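Open the model in your viewer and keep the selection panel at hand. The stops follow one another below.

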Amino acid sequence: ARNSGDESIAVIGLGRFGSHLAESLSALGHDVLAVDRNAQQVQKWSAHLDQVTQADATDEDALRQLGIADLQRVVVAIGASVEASVLTVLALVELGVPQIWARAISGQHAKILSSVGAQHVIFPEAETGERLAHLIVTRMLDFVEFGDAFAIAKLRVPESLVGHSISEVRLLDRHGVRVLGIKAPDESRFRYVSDGLELVRDSTLIVEGTIEQVQRFSLIS
Ligand code: ATP
Ligand code: ATP
């Protein structure tokens, strides 16, 4: 069952990245038009996705015939073949697709995709690597989830909050998290916070909130 306002989303390139993306969009209830030039890939994914078509996406006419010119959102998930990726984005720009998402595999590739006209450039290897670095070392030091979507996390105080008092930063209002305890770098144990307490660099916080709020707060720097 789909909402009448929902439009198909085309995913071009069914490698590891594109196929995961297409499956996730499908699982979220969206109509996915998957395209790959490789017959074996098309064959393989036909069993898992509703609409899988074989076409060379660098060919503007082929894209037009597939109805891709009428779509609002198209994702170019081709990676290793930078030339095919760029030419596909160019063809989509020529067709007037308003929202082109394109995957880059290097910083230079990302720049080219933007200058050719992709509205959203994603660089999964870089983005995931950076995010993981945050989770591993920067902020989230520990994380406990409770059944009812609640979580408690131990994390480093965000740099942007250093020097402000607990009352000034209004964590509950702004981020939906409540501070349960704090430990300055020169202290050996956690203590409760008071309104006037100043957040010192490299302090450790224990915060509670919904899993989503805690995770979002843990990504602030
Ligand atoms: P991944 O990391 O997602 O596995 P990759 O970077 O290793 O991908 P690519 O060479 O980018 O591999 O190919 C991803 C998919 O895009 C392949 O299935 C390939 O057949 C498809 N593809 C490449 N060029 C085109 C094109 N011009 N038109 C349609 N599909 C294409
Ligand atoms: P990515 O997608 O991150 O670009 P990849 O999957 O294309 O990586 P891999 O073969 O996984 O490429 O290699 C990633 C890196 O890990 C390479 O720099 C490689 O030299 C290194 N590597 C592979 N095997 C070992 C090993 N046994 N010990 C140390 N380094 C390794």
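Strands pair here if DSSP finds at least two bridges between them. Helices (H or I, at least four residues) and strands (E, at least two) are DSSP runs, numbered from the N terminus.

This is a predicted model: local features need pLDDT of at least 70, side-chain atom pairs count only at pLDDT 80 or more, and totals for chains, interfaces and linings use all residues. Residues are numbered from 1 along each chain as its sequence is written, while chains are lettered from A and ligands numbered from 1 in the order in which they are written.

Now select arginine 178. Across from it stands glutamate 208 of E10.

Widen the view to the open sheet. Its 4 strands run in the order E7-E8-E10-E9, with antiparallel pairing. At the edges are E7 (140-146) and E9 (178-183), each pairing on one side only. Neighbouring strands are turned by 15° against each other on average, direction ignored. Axes are lines fitted to C-alpha atoms, for helices over the stretch in contact; angles run from 0 to 180 degrees between N-to-C directions.

Next, select 211-218. This is helix H9, lying across E7, E8 (150-156) and E10, at about 145° to E10. Contact means C-beta atoms, placed from the backbone, within 7 Å.

Last stop: aspartate 56, in the loop between strand E3 (51-54) and helix H3 (60-65). Leaving aside neighbours within four places in sequence, aspartate 56 is in contact with Arg37 and Ala62.

Methods: Two residues are in contact if their C-beta atoms, placed from the backbone, lie within 7 Å.
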